[in-house]
Amino acid sequence: MSVSELERVRELGRAALSTLEANRRRIDDLNVYPVPDGDTGTNMTLTARAIMEALDSSAAVDRSALAKELTRAALMGARGNSGVIFSQILRGAAEALGESGLLDTATIRRAFRSASDAAYRAVRRPVEGTMLSVIRELAEEAEDPRNGQLDPTALLKRLVERGEEALARTPEQLDVLREAGVVDAGGAGLLEIVRGVAAALAGEPLPEAPLGEPHEAGLEAVHQDLSQFRYCTVFVIEGESLDAEALEAELEQFGDSLLVVGDPSALKIHVHTDEPGRALALGTVRGTIEGVEIANMHKQTEERSERLLAAVPDPELTLETGVVAVVPGGGNRRLFESYGAARVIEGGQTMNPSTADILAAIEATPATEVLVLPNNSNVILSAEQAAQLTDRPVRVLPSHSVAAGLAAIVRYLPSLDAAANEAAMLDAIEQVATGEVTRASRDVELDGVDVRTGAWLGLADGVAVACSDDFDDVAAAVAARLLDGGREVLTLLTGEAEPDLDRLVRRLQEEHPGVELELHPGGQPHYPLLLSAE
């Protein structure tokens with residue numbers, strides 16, 4: 001491999017990286033699948049940089065050796081779900097491009113087919129509407145007999161056109177993209193890589209990042225559900241006779257978005273899980289682990305939402321009254337948003353938001369007047385201080401629990417003024433009875449109940465009513481106390497450690513046949529079950 005050939009490959013690599021970097025933030029903002037953590041552009045860019053570093057330092061004597069170097073660099077440097085899949089796309093392409101012979105249209109055709117096949121092999125359950133669909137359509141276009149007479153430059157231009165068409169179709173293939181009003185982020189990143197290579201091959205200036213083009217995230221893309229799991233975990237295992245399928249089967253038991261790629265001497269692992277330590281432990285028993293990266297996707301999702309909202313010009317106030325709520329757990333967040341909360345702040349027991357956090361949410365609420373639901377006794381003072389620091393009319397409602405806040409926001413109507421909403425919501429707070437089930441932290445006699453450390457403790461309106469090793473007995477006792485006085489609706493919010501409520505629900509239906517029962521995943525920490533009765 002001559003010095004001039006190697007330098008030409010470097011030019012193409014730099015062009016691909018430059019185009020990707022120019023679009024990194026836009027691609028981050030498009031990211032809603034598989035989780036809306038807003039890092040696809042960043043992960044693909046970091047993966048491409050790792051490849052480019054290997055290319056810049058390479059002294060390979062032939063294309064085959066260079067292909068192996070770049071494949072290894074892509075595997076070791078891959079970041080996130082999109083980066084790992086991209087590493088396999090490059091692997092497939094490198095296998096074809098590393099063969100001896102002319103780098104002609106036929107070779108490019110084989111490279112795209114090999115890239116597509118490698119990407120689909122890497123994903124346990126391929127999903128259309130993703131970067132897989134884009135690379136597949138690029139391979140199909142490269143193999144189209146009508147393009148057989150095109151030279152490499154003309155073929156790459158045609159592939160960019162087909163890539164744009166394929167990317168535009170991704171919302172038709174994947175519901176979450178259509179609902180968010182965006183195209184697939186990984187597909188967008190892949191298209192920019194091909195676009196950069198095509199421009200460099202043609203000797204044309206690199207395309208500038210588009211402004212105001214259709215493939216940008218709008219307001220519909222802001223409020224996306226949090227990932228089921230919190231941590232994106234990526235690492236490499238190096239060893240001997242590594243069994244990818246066996247490792248994949250074990251990881252699948254406690255995570256999703258799973259990718260295990262590589263060869264028997266080195267495997268790259270990507271998994272979304274709540275137990276990153278457990279995933280790493282599976283690696284250490286098989287070999288040496290390195291390149292460990294653990295990202296909090298819930299935090300990334302919140303940062304992405306804030307970034308998108310900050311980019312939107314201040315709209316004219318459209319609500320008469322807006323609600324800011326402090327809520328723990330993704331399920332509770334979705335509940336409050338479904339009832340019209342304009343801003344939801346993560347917070348609650350042992351994780352109280354600051355006055356500055358609440359003030360920022362008040363200022364960002366598009367309404368003439370704002371109501372704040374603290375939903376925790378310890379948050380009320382911070383909310384009141386925030387209300388004093390803003391020029392906007394703000395009323396803080398004394399909701400001492402998530403369940404009380406939920407009862408209040410059910411009564412909220414954005415078209416009514418703050419006084420009318422406040423009256424209706426205060427009435428709901430006064431009428432609702434709330435309870436919780438948690439683990440007792442110490443031995444004590446509380447309200448006449450013998451409380452033992454580690455046992456289930458049930459509270460109704462702050463008063464201990466039961467303590468037992470039987471979760472269902474305690475929960476049923478709390479429910480019975482809350483339903484005293486003829487209340488007809490019982491709401492259950494399950495916590496982060498979601499208990500199995502099948503037996504409890506059947507029991508409650510038998511013991512209280514006239515009561516309407518509502519069950520929602522709340523996701524709050526510390527309290528496996530919150531209850532309210534109205």
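Which residues have the most contacts inside the largest nonpolar core? In this predicted model, they are Leu70, Ile85, Phe86, Ile89, Phe112, Ile135 and Leu138, and the core to which they belong has 62 residues.

**The chain as a whole**

- Taken along the principal axes, the box filled by the C-alpha atoms of the protein chain is roughly 85 × 55 × 40 Å.
- The accessible surface of the protein chain comes to about 23500 Å², and carbon and sulfur atoms account for 50% of that surface.
- When contacts in the protein chain between residues at least 6 apart in sequence are considered, 69% of them join residues that are at least 24 apart.

**Nonpolar cores**

- Phe112, one of the residues with the most contacts inside the largest core, touches several residues from other parts of the sequence: leaving aside its neighbours within four places, Phe112 is in contact with Ile135, Leu138, Ala139, Ala142, Leu159 and Val194.
- Apart from this core there is a second, separate one of 23 residues, which includes Ala460, Val505, Leu531 and Ala533.

**Strand β1 and its partners**

- Strand β1, which covers residues 231-238, is largely enclosed by the rest of the structure, because 6 of its 8 residues are buried.
- With strand β3 (residues 266-273), β1 pairs in the antiparallel sense over 8 bridges, and within this pairing Val236 stands opposite Lys268 of β3.
- With strand β4 (residues 288-296), β1 also pairs in the antiparallel sense, here over 7 bridges, and the bridge partner of Tyr231 in β4 is Asn296.

**Cysteines and disulfides**

- A disulfide is a covalent bond between the sulfur atoms of two cysteines, and a search of the whole structure for such pairs finds 0 disulfides.
- Cys232 has a relative accessibility of 7%, and because buried means under 20%, this cysteine counts as buried.
- Cys467, with a relative accessibility of 15%, likewise lies under the 20% limit and therefore counts as buried.

Notes
Residues are numbered from 1 along each chain as its sequence is written. This is a predicted model: local features need pLDDT of at least 70, side-chain atom pairs count only at pLDDT 80 or more; totals for chains, interfaces and linings use all residues. Side-chain values use heavy atoms; hydrogens and water are left out. A nonpolar core is a set of buried Ala, Val, Leu, Ile, Met, Phe, Trp, Tyr and Cys residues joined through side-chain atoms within 4.5 Å. Buried means under 20% relative accessible area, exposed over 50%, partly exposed in between (1.4 Å probe, protein chains only). Contact means heavy atoms within 4.5 Å. A disulfide is a pair of cysteine sulfur atoms within 2.5 Å. Helices (H or I, at least four residues) and strands (E, at least two) are DSSP runs, numbered from the N terminus. Two strands pair if DSSP finds at least two bridges between them. Accessible areas come from the Shrake-Rupley method with a 1.4 Å probe; for residues, only the protein chains shown count as cover.
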